[in-house]
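Hi everyone, thanks for making time this morning. Please have a look at the sequence and the model while I talk you through a few things.

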Amino acid sequence: MSDASSRIVEAVREFGEDSLRDLWVFDRHGYEHLYIREDVADAIDSVDVAKFIDNERFGYITRDTYEALYYADYGYTVRGFDTFEQFRTFVGERPVGMFAGFDRGSAGRDFSVLNDQLQAMAEDIDFSTLTATADLSD
């Protein structure tokens, strides 16, 4: 794992502690997992991960739509599932998508804190180098 990947995983783990389930980065062409907890790896063994990532890529379109329709800048999306919450954001000049799953807990999380931290990290880390297609141009 690269130093950049390690720093990102560390930041997200610090935010979510032991509830972090998985952490992925993606662009329009490829994706990479940065972290998958063992029990989650077993659970997604039968899931078509590529199809799931393709669904997350729609975020590039909705992000642009939100930017055009609202008076405020789009920051991130959180989805609630029966056993976990999923956070998604886009980071960097050539936006790279990132999503992370967290076990549901009794206390809410302030995902704006995580988003702000990741956006700040983009000043030092080129997130576009983290995906499997880092050498492809958009």
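A word on the ground rules. This is a predicted model, so to speak of local features we need pLDDT of at least 70, and side-chain atom pairs count only at pLDDT 80 or more, while totals for chains, interfaces and linings use all residues. Residues are numbered from 1 along each chain as its sequence is written, and side-chain values use heavy atoms, with hydrogens and water left out.

Let's begin inside. By a nonpolar core I mean a set of buried Ala, Val, Leu, Ile, Met, Phe, Trp, Tyr and Cys residues joined through side-chain atoms within 4.5 Å. Buried is under 20% relative accessible area, exposed is over 50%, and partly exposed is in between, with a 1.4 Å probe and protein chains only.

Which residues touch the most other members of the largest nonpolar core? They are Ile-8, Val-12, Leu-23, Phe-102, Leu-118 and Phe-127, out of 23 residues in that core. At least two core residues come from each of α1, β1, β2, β4, β5 and α4, and α1 gives the most, with 5 residues. Helices here are DSSP runs of H or I with at least four residues, strands are runs of E with at least two, and both are numbered from the N terminus. There is also a second, separate core of 8 residues, and it includes Phe-26, Val-49, Ile-53 and Phe-90. As a general point, nonpolar side chains in soluble globular proteins tend to be buried together.

Phe-102 deserves a click. Contact means heavy atoms within 4.5 Å, and, leaving aside neighbours within four places in sequence, the contacts of Phe-102 include Val-12, Phe-15, Leu-20, Phe-84, Phe-87, Phe-111 and Leu-114.

Now turn to helix α4, residues 111-121. Its buried residues are Phe-111, Leu-114, Asn-115, Leu-118 and Met-121. Down the helix axis these fall within an arc of 125 degrees, so they line one face of α4; the arc is taken from the directions from the axis to the C-beta atoms. What do they pack against? The partners are α1 (3-16), β3 (76-80), β4 (84-91) and β5 (96-103).

You can see the α1 side of this at Ala-11, which lies in helix α1 and is buried at 6% relative accessible area. Not counting residues up to four places away in sequence, Ala-11 touches Gln-117 and Met-121. The C-alpha atoms of Ala-11 and Leu-118 are 8.0 Å apart, although 107 residues separate the two along the chain.

On to charges. I'm calling it a salt bridge when a side-chain nitrogen of Lys or Arg is within 4 Å of a carboxyl oxygen of Asp or Glu. How many turn up in the whole structure? The search finds 8 salt bridges. In one of them, Arg-37 pairs with Asp-103, with the closest N and O atoms 2.9 Å apart. Arg-37 sits in the loop between β2 and α2 (38-43) and Asp-103 in strand β5, so the pair ties together parts 66 residues apart in sequence. Arg-37 counts as buried at 16% relative accessibility, while Asp-103 is partly exposed at 21%.

Last stop, a loop residue. Glu-17 is in the loop between α1 and β1 (20-26) and counts as exposed at 57% relative accessibility. Its phi is near 55 degrees, a positive value in a residue other than glycine.

That's my tour, so over to you for questions!
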